[in-house]
Amino acid sequence: MDTAKQKRIDGLICGLLGVVIFSGSLPATRVAVADLSPLFLTGARAVIAAALAGLVLSATRQARPDRRDLMSLAVIAVGVVVGFPLLSALALQHMTSARSIVFIGLLPLSTAIFGVMRGGERPRPLFWLFSGLGSATVIGFAFSSHGDGSWTSDLLMLASIIICGLGYAEGGILARRLGGWQVICWALVLSAPIMLMVAALDLPADWSAIGAPAWTGLAYVSVFSMLVGFIFWYRGLAMGGIASVGQLQLLQPFFALALAGLVLHEAVPWTMVAAAALTVVSVAVARRYA
């Protein structure tokens, strides 16, 4: 097997691990905002992850990023450290985690579009066709299965997906030079002072009223969603290509719904299996033309 092909396969494996980890993010956020405010949750998860990232950077004696990388790191921080966590947490105050998962189906297109705009990637027309088919499958399935919501929460989730796609694409580009885990670690560390102030703006009035599920949700989104998942994800984007690896996000809604069935014991309809199968085919074909 040639080196380029092995690199693409390794990128896909890393990307898939990132997607599996991210699958628990919205359900965990939904549990956390039952007792914690979106503002505090957004700040706290970033500060906890930044503390861990700082320890890793210090232990491995990583060189500081160049001045030319600071703008990219700022874009990444706005997209995935602040924007997506805050907007999705606000939305999840007024919608179920299942409904929020609908919008994750749009992440591959969002990431691919910003990959074209920021990274100069040029997928072939058939890529867009099958990428759109996969996204439409995910959205159609989720909307037919979960009906309630509000325009405000829907728009908040849509905005979170757009800004997250920007952060994913920018991180994938910078990871080619800095390395996948270094990108998210530096973005977290550089944004830590601001995120500490964000958390301090809305501290819980009664800490004793916060239940164990909320603390568990905070721990998951801090350690896994905010740090560990991105280590795999940005490495995957850098090695396998933003547009190609980004299509793996189409599988995330089904991983998340499967998680809800296994862990939360929610019913999983047969239509989920059918839609998941069609989505996998769309991802495979889209990758061929990326």
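Visitor: How much space lies in the second largest pocket?

Guide: Here is the general idea to begin with. Rolling a probe the size of a water molecule over the atoms shows where empty space is left. In this predicted model, the second largest pocket holds about 160 Å³ of space.

Visitor: Which elements give two or more residues to the lining of that second largest pocket?

Guide: They are α4 (70-91) and α9 (180-201). With six residues, α4 gives the most to this lining. Among the lining residues you can look for Leu70, Leu73, Ala187, Leu190 and Ile194. By class, the lining of the second largest pocket has ten nonpolar residues, one polar residue and no charged ones.

Visitor: You named Ile194. Is Ile194 buried or exposed?

Guide: Ile194 counts as exposed, because its relative accessibility is 52% and the cut-off for exposed is over 50%. You will find Ile194 in helix α9.

Visitor: What is the volume of the largest pocket, and how many residues line it?

Guide: The largest pocket has a volume of about 250 Å³, and 13 residues line it. Nearest its centre lie Gly24, Pro27, Ala28, Leu259 and Val263. Three helices, α2 (25-32), α10 (212-240) and α12 (252-263), each supply at least two residues of this lining. Sorted by class, the lining of the largest pocket has ten nonpolar, three polar and no charged residues.

Visitor: Now for cavities. How many cavities of 30 Å³ or more does a search of the whole structure find?

Guide: The search finds two. The largest cavity has about 120 Å³ of space. Of the 15 residues that line the largest cavity, Phe22, Ser25, Phe84, Tyr168 and Phe230 are the closest to its centre. Its lining takes at least two residues from each of α2, α4, α8 and α10. The classes here are eleven nonpolar, three polar and one charged.

Visitor: And which residues line the second largest cavity?

Guide: The second largest cavity, with a volume of about 30 Å³, is lined by Phe22, Ser23, Leu26, Pro27, Ile101, Ile104, Gln252, Pro253 and Ala256. Its lining draws at least two residues from each of α2, α5 (97-104) and α12, and the largest share, three residues, comes from α12. Seven of the lining residues are nonpolar, two are polar and none is charged.

Visitor: Let me turn to a helix. What span should helix α3 have, and how far apart are its end C-alpha atoms?

Guide: Helix α3 (residues 38-59) has 22 residues, so at 1.5 Å a residue it should span 32 Å. Its end C-alpha atoms are 32 Å apart, which agrees.

Visitor: Which elements do the buried residues of α3 pack against?

Guide: They pack against α2, α4, α9 and α10. The buried residues of α3 include Phe40, Leu41, Gly43, Arg45, Ala49 and Leu57.

Visitor: What comes just after α3?

Guide: Start with a general rule about the backbone. Most residues other than glycine have a negative phi, and most peptide bonds are trans. Just after α3, Arg61 takes a positive phi of about 55°, and Arg61 is a residue other than glycine. Arg61 sits in the loop between α3 and α4 and counts as exposed, because its relative accessibility is 77%.

Visitor: Which residues touch the most other members of the largest nonpolar core?

Guide: The general idea is this. In soluble globular proteins, nonpolar side chains tend to be buried together. In this structure the largest nonpolar core has 77 residues, and Val80, Tyr168, Leu188, Phe230, Trp233 and Tyr234 touch the most other members. Take Leu188: leaving aside its neighbours within four places in sequence, Leu188 is in contact with Ala46, Ala49, Ala50, Ala53, Val81, Met226 and Leu227.

Visitor: Finally, is Asp154 buried or exposed?

Guide: Asp154 counts as buried, because its relative accessibility is 12% and the cut-off for buried is under 20%. Asp154 lies in helix α8 (residues 151-178). Beyond its neighbours within four places in sequence, Asp154 is in contact with Met95, Arg99 and Phe103.

Conventions
Residues are numbered from 1 along each chain as its sequence is written. This is a predicted model: local features need pLDDT of at least 70, side-chain atom pairs count only at pLDDT 80 or more; totals for chains, interfaces and linings use all residues. Side-chain values use heavy atoms; hydrogens and water are left out. On a 1 Å grid over the protein atoms alone, a cavity is a set of points where a 1.4 Å probe fits but cannot get out, and a pocket is an open set with protein on both sides within 12 Å along at least five of seven lines; lining residues have an atom within 4 Å of a point. Grid points are joined across faces, edges and corners, and a volume is the space filled by probe spheres set on the points. Helices (H or I, at least four residues) and strands (E, at least two) are DSSP runs, numbered from the N terminus. Ala, Val, Leu, Ile, Met, Phe, Trp, Tyr, Cys and Pro count as nonpolar, Asp, Glu, Lys and Arg as charged, and the others, Gly among them, as polar. The expected span of a helix is 1.5 Å times one less than its number of residues. Buried means under 20% relative accessible area, exposed over 50%, partly exposed in between (1.4 Å probe, protein chains only). Contact means heavy atoms within 4.5 Å. A nonpolar core is a set of buried Ala, Val, Leu, Ile, Met, Phe, Trp, Tyr and Cys residues joined through side-chain atoms within 4.5 Å.
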